[in-house]
Amino acid sequence: MMHFALVPAVVAGRIISLSPLDLAIIVIYFIAVLGIGFYLRNFAKSGEDFFIAGREMTAWVAGLSFLSANLGSLELLGWAGAAYQYGILAAHWYWLGAIPAMLFLAIIMMPFYYISKTHSVPGYLQLRFDRATSGLSAVTFAVMTILMSGVNMYAMAVVMKVVLGWNIHFSIWVSSLTVGVYVAMGGLFSAIFNEVLQFFLIWLGALLIPILGLVETGGWSGMVARIHKNFPGEDFTHLWRGLGHFTTNPMGIHWTGIIFGLTAVLGMGYWTTDFLVVQRVLAAKDLRSAKMAPIIGAFFKMAVPFIVILPGLLALSVLPYHLVPENAMRPGLHSYNEVLPLMLARYCGPGLLGLGITALVAGFMSGMAGNVSAFATVWTYDIYRVFVRKDAEDSHYVAMGRWCTLIGLVVSIGAAYAVMGFASIMDYVQALFSFFIAPLFGTVILGMLWKRTTGKGAFWGLLAGTLASVGMFLLVKFHPQAISIVALSSHAKAMAEDMYRALWSWLICVGVTVGISLVTKPRPAAELAGLVYGETELPSEGHLPLVKRPIFWAGLAMALLLALQWIFW
Amino acid sequence: MGDKRRMIPVWFFVGVLLLIYGVLILADGIIEWNHLPNTVLASLHEPVWWGALLIAIGALFVHLFRPRKSSQ
């Protein structure tokens with residue numbers, strides 16, 4: 001059935017050897033980001049500047065930054081690998097798992113975030129509910145963010161070692177110190193500038209792979225024909241056809257998991273309540289820009305599968321050997337996660353290779369910058385200012401933010417070294433992060449749309465949803481047969497389990513929040529102005545021409561999304 | 001706020017970086033025209049046209065967003 005040798009045609013030990021020109025391109029990037037950070041230090045003087053970039057970003061800058069904060073190198077490498085493993089099903093995470101949520105954030109939620117003038121998502125929860133709910137979400141977010149930063153740091157250093165042969169310690173320290181210096185100098189300004197820079201580098205560094213890949217295979221139909229020849233009987237190129245049952249698609253998932261788990265809960269939770277991405281939109285200069293930013297991001301997000309998913313599909317059709325899962329790695333083999341560097345090495349010579357590697361390094365560094373800048377904001381404003389020192393000067397909080405950036409990085413480095421000893425921790429931390437996102441979405445959305453929601457209901461609902469999610473994870477971990485209960489089928493795979501766990505934890509959060517809210521005393525309506533639907537006067541956009549209205553562009557994005565589902569059905 | 005009005009747009013920095021990269025990659029593509037790397041489809045000379053594309057985008061951004069003297 002499979003006629004390929006399992007031995008790659010690249011040198012064992014490392015995938016890519018860099019030329020002096022490639023190294024020069026990487027070094028120039030480091031010099032550029034440090035120079036920009038040095039330049040921006042003069043503009044980050046007040047707390048508003050340092051933590052929210054002065055709220056003066058245009059819709060385009062905020063939109064590209066919003067998208068890029070999520071477009072880290074691990075995201076690129078991981079999803080290209082997922083495309084090799086699961087085929088075009090991986091595109092659901094870029095389309096249905098992201099676009100509806102981005103548009104929902106823009107049209108429904110952003111007015112409340114923006115009009116309330118909050119500096120963070122926990123900050124909104126404090127305004128809407130109380131210190132307990134805000135504190136719970138702030139502490140969880142801070143811990144998870146810094147752990148994620150460390151795990152990503154280690155994972156990227158491992159990739160650099162495998163792909164380029166670089167020393168792990170060198171990768172961790174050089175990139176961390178660079179990020180620490182430029183974020184400590186320019187705060188969110190630096191993070192956003194670097195994210196916009198990274199956006200262009202990723203597109204221009206990775207775009208050659210799908211272009212040359214399609215030239216080599218003779219276009220989409222040629223690629224599909226080759227995949228069918230290489231993997232007879234398997235369907236890697238349809239979005240929905242195989243989702244009628246858990247066993248008829250490579251991901252082991254049912255369409256209900258995609259619609260209800262991914263689209264309605266996990267995607268919504270990530271794109272509307274994860275402060276790492278929402279912080280970028282809060283930096284917009286006015287409400288219309290804040291609403292347009294996620295919509296601009298949505299259009300580009302729809303195009304990202306072209307540089308992430310398509311290379312994975314092309315690899316299925318052109319690589320003369322098979323990639324393997326991480327747990328099946330042996331010397332001489334390559335894992336799914338190496339598919340993007342392998343394709344880069346296949347098509348790109350000196351110079352272009354350096355550009356591609358720079359794009360990956362830039363993605364990694366801007367992802368880290370996003371984590372530490374979000375951590376510094378939440379720690380300083382939602383933990384330190386609320387629970388430790390309430391009435392300090394603004395300059396004191398800016399100094400705290402700068403120190404937090406550096407301390408956050410040091411803790412991240414510590415987490416990276418801790419992960420080295422316990423590789424499986426990476427899986428747990430990823431899962432821990434997802435535990436929090438789904439219930440938080442339940443808390444925030446009820447807070448925004450239902451004025452009867454009380455602080456007690458929100459706190460206990462959030463806690464119950466999070467604990468239920470952890471409980472389901474542990475249940476399946478220690479009793480694998482329980483997956484038939486959590487994910488509705490014994491044939492469900494890990495990805496399906498994540499989706500259904502998110503759905504149940506969201507429902508539990510909402511159920512507990514509603515139940516307790518109905519038996520506790522709500523805040524007077526007058527105190528909810530600017531925070532809740534029905535008590536907030538939303539600015540009318542009726543006077544604007546159609547092409548300037550966010551709702552018009554959101555409708556267009558939605559139509560494009562539906563067209564993509566139909567094309568790749 | 002006076003400082004902030006003079007902040008150089010991020011697009012200018014993007015343009016400068018792409019311009020530098022474009023020049024380096026295009027120059028290398030021309031110099032190595034007869035010494036093709038061992039990659040698939042190397043005969044298309046992609047460093048030349050991709051380098052030119054980077055130069056075009058970079059030059060456009062630098063031109064449109066270059067720092068100008070404030071009129072205020």
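User: Which residues of H15(A) are buried?
Analyst: In H15(A), the buried residues are Val339(A), Leu340(A), Pro341(A), Leu342(A), Met343(A), Leu344(A), Ala345(A), Arg346(A) and Tyr347(A). Buried means that 20 or more other C-beta atoms, placed from the backbone, lie within 10 Å of the residue's own. Helices are DSSP runs of H or I with at least four residues, numbered from the N terminus.

User: What kind of model is this, and how are residues and chains labelled?
Analyst: This is a predicted model, in which local features need pLDDT of at least 70 and side-chain atom pairs count only at pLDDT 80 or more, while totals for chains, interfaces and linings use all residues. Residues are numbered from 1 along each chain as its sequence is written, and chains are lettered from A and ligands numbered from 1 in the order in which they are written.

User: Which residues of H9(A) meet H15(A)?
Analyst: Leu208(A), Ile209(A), Leu212(A) and Gly213(A) of H9(A) meet Met343(A), Leu344(A) and Tyr347(A) of H15(A). Contact requires C-beta atoms, placed from the backbone, within 7 Å.

User: At what angle do H11(A) and H21(A) pack?
Analyst: H11(A) (residues 255–273) and H21(A) (residues 494–519) pack at about 55°, with axes 8 Å apart. Axes are lines fitted to C-alpha atoms over the stretch in contact, and angles run from 0 to 180 degrees between N-to-C directions.

User: Which residues touch Ala83(A)?
Analyst: Ala83(A) touches Ala90(A), Val308(A), Ile309(A), Gly312(A) and Leu313(A), leaving aside residues up to four places away in sequence.

Note on methods: Buried ≥ 20, exposed ≤ 12 C-beta atoms within 10 Å, placed from the backbone. Helix = DSSP H or I, 4+ residues; strand = E, 2+ residues; numbered from the N terminus. Contact = placed C-beta atoms within 7 Å.
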